Amino acid sequence: SNPFEVKVNRQKFDILGRKTKNDVGLPGVSRSKAIKKRNQTLLKEYKEREKSNVFKDKRFGEYNTKITPEEKMIRRFALERQQNYGKKNIYNLNEDEELTHYGQSLAEIEKLNDIVDSDSDTEEKGTLSAELTAAHFGGGGGLLRKKVSSEQQDEEPEKPKSRKELIEEMIAKSKQEKQERQTRRESALELTEKLDKDWKEIQTLMARKTPKSERKDKEVEKPKPDEYDMIVRELGFEMKAKPSERLKTEEELAKEEQARLQKLEADRLRRMRGTDEETNKKRPSHMSADDLADGFILDKDDRHLLSYKDGKINIENEEEKGEEEEEEEGEEEEEEEGEEDNENEEESQEESASEDEEDGAADSHSDLESVLESEEEAAENKEEKKPKGNENELQNVEKLDPKIEAAKSELPYTFAVPESYETFKSLLAGRTTEQQLIILERIQKCNHPSLAVGNKAKLEKLFGFLLEYIGELATLDLPELRTIDKLVLPLYNLCQMFPEAASDSIKFILRDAAHDLEEVIEVKGRAAFPGLDTLIYLKIVSLLFPTSDFWHPVVTPAFMYMSQLLTKCRITTLQDVIKGLFICCLFLEYVSLSRRFVPELINFLLGVLHISLPKNQAQGYTVVHPFTPVGKNLELLLVCDKEDLKSWEKQNVPLSIVTRLKETSRTEINHTRLSCLALCFDLIKKCAALYESLPSFHEIMHPVRILLIQHVPVNDYPEKMQEWYHSALKELENKVKHYTPLICEKKKPVPLKQYTPKIVKVLEFGRKQAGSKKEQERKQLIQRHKRELKGAIREIRKDNQYLARMQLSEIMERDADRKRKVKELLGSLATQEGEWKAMKRKKWKN
């Protein structure tokens, strides 16, 4: 090493408590140490990154020399038991505890050893003696040898016994042993019975129980049960809550209802044909005693193949077949009964005759002769009783005639959905309102969407047909409003089932009505109020759809259409006034929840008050279109006849009066005008209650209030009308301003000047700010953290650079190896090519 390259950091002064950081050595020593450390750690991990064959010895205390082998084994055993004991082994039985059953160990019972039974013949069941095994399986040689060896020991030798004698001796010995065991068992049973009797006598003495004879003599009064015990017993005998039946789905209910209606319809058809259930029941045919029913033949195969459609069982075919079978049975039952009776009689006769012939009985075929005689007698009786049968049939027909007529007049229970409006109209024509409702209900139940695939589209068409039918009822000379009111319920049910189709149908009607209104205004410049059917459609919209929504695809167009009617349709007749007031009532119904402000409503009510005034008083206020300050239609609601004013009574204005107003008398017309004016006062009162929370309430209702106070001739009206007038005016005047409008100030307020100085601490550069001990420690920790963080980042960066160098060196080695191999291959190919060319030249030379 070059001494001039040695790095020495000298310290001028030695300071106590300060750690020196002087490095003495060659330059790059620290760097070489770091590289060596990375080679031992990072490089090793990098090379073993994809290997999993590292063996780690995790035995407890294997390399700990401070622990004795016995302690190691005890600790290892404890750890093993601790690992096995967990949530999975909560219900496992503890092996240390010996569990018994009736005094016998479960471990021994599980070994399936035969337990000696007290009733068995042998005490040692399944064991064979040595003599028996030697006799049967040893060929007898063992016994003979044993006998010979025993004889040799004796002093006086005897003659050896044969095999037969030995077996007989063994059998006698086994019988004797069995007899002895039997006697011992019987004696043991006798002793146990005696002990049982003695024990019972001793037990009575120990328990001090009185015998039954003494108990009867001494009657001891039983203590009365406590109130708590009685309550506990009552609670025990109380009825427990039973589970309720499962709620059926909509599809199941629809299927049950359809089956019920089909059954009722089948009964009605049967009653129309005049057939009773008793006659339809098949009478049992005569069967002989010897009949074995060998000739039983199925008339038809009632089995149905199971099929699925759209993931559900296809039951349409079965239901159709069931209906067809019911109809066919009602028509053919009488014929089939007679034929079946004759066939059964013939079969029974043939079977009995064949059996008699085969048996060859000595009674000279008495059964066959008796059958033939019975047939002849039956034929004669039928010929004699024919007129009597006809008379009975005539009597039955006369009895069934009223039932047949009642069944014909009864409504069918099953209906198909009409495919056109004409068929739908003919279905309901001539029926009462209740019958129409029943027909519509049965159509919905028999054609529920869950019963068949095409029922949904059919019922959607039914909603349009019903809507059109309601409009047709409203356009009659005498509109059937009560029927329309009842038909709204099935219309609502269909709307709940198919909301999209219902909204499309009503939007189509509203769109046509709006287009007609615009066309008439473009041509004539003015338009009239629509018919009664359109007004009823607007009322139905409020019943079928929510009117409180901010925007709705059906209610919003209806809202806009009604506002156009109140602003663009001119008021020329009393019918127009009634229609306009009806639309005002609909507006209040629409906005009752949302409290939406409708200026067209207030303007129309102001116009109605305007046309109830005489011409000379209609000044001093402004009127909005469609009302005009001058013209011939000013005094539409003005009543000058004093007799009519006195005879008027408050009553609701019926909507049907629109069609028959021309036929009424002058007095009735005046009463209708007064009723319209009273309705106007009532609507003003409702508007005041509805819009009282608006900030601009007084500005909105100010024209109406001025007109009521200054221009309306109150004294000319009857007393009831004056009451309505004063209640409306009181409702307008009692409302106090609840809200004040927000107003922006003209100038922004100028803030006051503040004279308190703002003190900013200025510190000298390079000096630390003085503070408390905790603050200084905190700053030191922050600085130390920053230092450590920078060092960690630096080390991580160096580690990444080291790994990048290792990866690059690997890639370079692989590339050099590949290039070397390629060069070797190219060289070998070049030598082969040279050799091939040399061989080719030699061939050409040769």
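Start by selecting Phe 424, Leu 427 and Leu 428 in α15, which meet Gln 436, Ile 439, Leu 440 and Ile 443 in α16. Contact here means heavy atoms within 4.5 Å. The residues of this contact divide into six nonpolar, one polar and no charged. Ala, Val, Leu, Ile, Met, Phe, Trp, Tyr, Cys and Pro count as nonpolar, Asp, Glu, Lys and Arg as charged, and the others, Gly among them, as polar.

The model is predicted: local features need pLDDT of at least 70, side-chain atom pairs count only at pLDDT 80 or more, and totals for chains, interfaces and linings use all residues. Residues are numbered from 1 along each chain as its sequence is written, and side-chain values use heavy atoms, with hydrogens and water left out.

Now show the whole of α15 (residues 421-428) with α16: the helices pack at an angle of about 130°, their axes 10 Å apart. α15 and α16 are therefore oblique to each other (angles under 35 degrees count as roughly parallel, over 145 as roughly antiparallel, 65 to 115 as roughly perpendicular and the rest as oblique). Helices are DSSP runs of H or I with at least four residues, numbered from the N terminus.

Is His 448 buried or exposed? His 448 is buried, with a relative accessible area of 12% (buried means under 20%, exposed over 50%, partly exposed in between, with a 1.4 Å probe and protein chains only). Its side chain makes a polar contact with the side chain of Ser 450 at 2.8 Å (a pair of N or O atoms within 3.5 Å, one able to donate a hydrogen and the other to accept it; residues adjacent in sequence count only if both atoms are side-chain atoms). Leaving aside residues up to four places away in sequence, His 448 touches Glu 250, Ala 254, Asn 455 and Met 497.

Next select α18 (residues 481-497) and α20 (residues 532-544), whose axes come within 11 Å and cross at roughly 45°. α18 and α20 are therefore oblique to each other.

Then go to Arg 595, in the loop between α22 (574-590) and α23. Phi of Arg 595 is near 55°, a positive value in a residue other than glycine. Arg 595 is partly exposed, with a relative accessible area of 42%.

End at Pro 626, in the loop between α23 (599-611) and α24 (642-647). The peptide bond from His 625 to Pro 626 is cis, with omega near 20°.

Key. Helix = DSSP H or I, 4+ residues; strand = E, 2+ residues; numbered from the N terminus. Axes fitted to C-alpha atoms, helices over the stretch in contact; angles between N-to-C directions.
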